[in-house]
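Have a look at the sequence and the structure below. The paragraphs after them go through the chain part by part.

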Amino acid sequence: MDINKEIANVFRNLDLSDVNDGVCDGEHWFGHGREIQVTTPITGQVIASVKTANKDDYDQVIQKAQAAFAQWRLIPAPKRGEIIRQLGVALREKKPALGKLVTLEMGKSIQEGLGEVQEMIDICDYACGQSRMLYGVQTHSERPQHRMYEQWHPLGVVGIISAFNFPVAVWSWNLTLALVCGDVCVWKPASPTPLTAIACQKIFARVLQENHAPAAVSTLVTGKGSEIGDLFNNDKRIGLISYTGSTRLGKHIAQIVSERLGKTILELGGNNAIIITPHADLELAAKNVLFGAVGTAGQRCTTTRRVIIAESVYEKFKELLQNYYTRITIGSPLNENILMGPLVNTAAVDVMMNALRDIKSQGGSIIYGGEKLSGEKYPGGCYVTPAIAEVENHFAIVQEETFAPILYLIKYKGDLGNAIHIQNDVTQGLSSAIFTNDLIEAEQYLSHAGSDCGIANVNLGTSGAEIGLAFGGEKETGGGRESGSDAWKAYMRRQTNTINWSRTTVLAQGIKFD
Ligand code: UN1
């Protein structure tokens with residue numbers, strides 16, 4: 001496969017070039033800040049450059065977004081939903097090219113690149129339906145001839161700060177719901193993945209134009225977090241910041257935004273565990289652990305990082321899993337037979353290698369993988385073998401989220417309560433799962449005395465959630481929710497309305513004031 005040909009085809013299809021403007025105010029493309037280079041981890045070669053935003057560019061975008069909000073909020077919600085439906089149609093047409101661009105830019109397997117675009121399509125369909133269901137409740141007033149109800153109104157300008165690992169899906173989960181709610185969105189993509197963002201912005205701009213909708217309901221500001229990020233966070237004109245990324249940066253953002261009493265949706269680090277009880281189907285469990293730990297080369301926030309295994313099945317499960325690991329194919333993620341591509345960049349490889357050193361120095365042992373790969377088949381320095389380590393849960397390194405394919409095996413003794421205690425004994429609380437065929441164990445795990453995570457599954461892994469219900473986690477994962485269920489409410493402000501149709505004044509709580 002000639003990667004240069006692939007790049008040329010994808011660029012042609014998605015209207016990208018060697019040098020790209022990285023800022024769009026809806027109508028115009030520009031970028032008067034620094035020019036950054038985009039590297040593909042598949043070969044390590046530079047594939048394009050992008051001109052980023054300076055402060056004036058940023059201001060221009062926000063002004064345009066504010067003006068667009070004044071118009072967009074007056075368009076009926078189901079009409080806004082119809083435009084999002086059309087975005088879904090456009091994404092269906094562009095799915096092969098956009099999926100490939102995701103793979104080129106960040107290195108996940110082509111299956112997963114296409115899956116990510118499918119997740120965008122799914123949320124478009126979902127948000128279109130949601131546009132007719134922005135329900136508020138009503139209740140009966142304690143006063144005669146009064147009526148009370150609740151309405152949901154749009155917030156204004158929403159800032160989306162997305163992560164490299166889901167370079168396009170994170171945007172779509174936020175954008176589609178925010179837009180049907182009547183908000184407008186400004187997108188700051190992650191620095192390693194600006195090309196996918198430029199491509200999506202172009203796809204959506206065409207849909208908006210065909211519908212004669214205000215162009216600046218969707219705008220783009222590319223730039224380093226350190227340069228553009230705090231402009232965003234400090235900006236009173238931004239009603240809500242939705243940030244996906246590390247807990248460290250999430251805390252920084254939360255502090256700044258809460259200082260001005262702005263709103264946030266935070267999707268931060270996970271330290272996701274799977275519990276395997278003596279009543280588990282071990283084959284099923286091993287298959288799911290494999291996808292959870294190695295999918296996206298261990299770079300999902302939902303990646304399985306810890307497996308907590310009952311003592312009685314520990315050795316058997318370990319053997320099964322190691323066997324599965326020997327069958328993992330590693331190489332160019334553009335090749336459909338490959339399960340694992342490269343890490344996003346060489347810095348990520350360094351982080352992984354440091355973590356492996358820490359595991360050993362803290363008393364753990366690496367029982368599989370963890371090598372850097374090189375040679376003709378692995379150009380660019382970003383390929384590794386996934387690692388399995390035997391550890392204890394309290395090790396400092398195990399308590400951290402290392403964004404790499406390192407899987408920790410932890411043994412538990414005694415009853416399920418002990419396993420649940422180990423699982424919950426970390427600061428993060430995103431995703432979790434149990435493998436058991438015992439109904440009582442499953443119910444205990446899902447109960448209020450069970451998993452403390454935002455996602456808890458039975459007999460399936462920690463990653464690969466559908467969009468239909470809310471996505472997000474507790475504790476240091478940030479508490480935010482995106483996608484389905486009532487996640488849309490975060491993009492709106494609530495208003496309680498009471499209407500007096502009695503022609504007299506009646507005070508609540510029986511107060512007389514005559
Ligand atoms: C992320 O890694 O930031 O559940 C999100 C999953 C995907 C989303 C992951 N649907 O793995």
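The text starts with the domains and then turns to charged pairs, a helix, a loop and the surface.

This is a predicted model. The domain assignment divides the protein chain into domain 1, made of 3–268 + 478–494, and domain 2, covering 272–458. Taken over C-alpha atoms, the centres of domain 1 and domain 2 are 30 Å apart. In the contact, domain 1 takes part with 22 residues and domain 2 with 23 residues. About 1,800 Å² is buried between domain 1 and domain 2, and 64% of that area is on carbon and sulfur atoms. On the side of domain 1, the residues that lose the most area to domain 2 are Pro41, Ile42 and Glu112, which together make up 28% of what that side buries.

How many salt bridges does the rule find across the interface of domain 1 and domain 2? The rule finds one there. Glu112 also forms a salt bridge with Arg300, with 2.9 Å between the closest N and O atoms.

Side chains of opposite charge can pair when their charged atoms come close. The count for the model is 18 salt bridges. One of them joins the side chains of Glu150 and Arg494, at 3.2 Å from N to O. Glu150 belongs to strand β7 (residues 146–154) and Arg494 to strand β24, so this pair ties together parts that are 344 residues apart in sequence. Are the two partners buried or exposed? Glu150 counts as buried because its relative accessibility is 16%, below the cut-off of 20%. Arg494 counts as exposed because its relative accessibility is 52%, above the cut-off of 50%.

Lys251 and Glu476 form another salt bridge, whose closest N and O atoms are 3.3 Å apart. Here Lys251 lies in helix α8 (residues 247–259) and Glu476 in the loop between β22 and β23 (482–483), so the pair ties together parts that are 225 residues apart in sequence. Lys251 is partly exposed, at 47% relative accessibility, and Glu476 is partly exposed too, at 29%.

Salt bridges can also be linked to one another. Lys55, Asp59, Asp235 and Arg237 make up such a network. Within it, Asp235 pairs with Arg237, the closest N and O atoms being 2.9 Å apart. Asp235 is buried, with 9% relative accessibility, whereas Arg237 is partly exposed, with 27%.

Next comes helix α13 (residues 416–424), whose buried residues are Leu416, Ala419, Ile420, Ile422, Gln423 and Asn424. What do the buried residues of α13 pack against? Their partners are the strands β13 (272–276), β14 (304–310), β17 (406–412), β19 (431–435) and β22 (474–475), together with helix α14 (439–446).

Ser109 sits in the loop between α3 (77–106) and α4 (110–130). Ser109 is buried, with a relative accessible area of 5%. Leaving out residues up to four places away in sequence, Ser109 touches Thr103, Pro333, Ile338 and Leu339.

Two residues other than glycine have a positive phi. For Asp15 the angle is near 60 degrees; Asp15 lies in the loop between α1 (3–14) and β1 (19–21) and is partly exposed, at 43% relative accessibility. For Gln509 phi is also near 60 degrees; Gln509 is in the segment after β24 and is exposed, at 64%.

Leu507 is also found in the segment after β24 (492–500). Leu507, Ile511 and Phe513 form a nonpolar surface patch, with about 330 Å² of accessible area together. Leu507 itself is partly exposed, with a relative accessible area of 36%.

How values were computed: Residues numbered from 1 in each chain as written. Predicted model: local features only at pLDDT ≥ 70, side-chain atom pairs only at ≥ 80, totals over all residues. Heavy atoms only, no water. Patch = residues over 30% accessible without salt bridge, like charges linked within 9 Å, V, L, I, M, F, W, Y side chains within 5 Å. Areas by Shrake-Rupley, 256 points an atom, 1.4 Å probe, with all protein chains shown as cover. Salt bridge = Lys/Arg side-chain N within 4 Å of Asp/Glu carboxyl O. Helix = DSSP H or I, 4+ residues; strand = E, 2+ residues; numbered from the N terminus. Buried < 20%, exposed > 50% of the residue type's maximum accessible area, 1.4 Å probe, protein only. Domains from an automatic or database assignment. Contact = heavy atoms within 4.5 Å. Buried area = accessible area lost by both parts, 1.4 Å probe.
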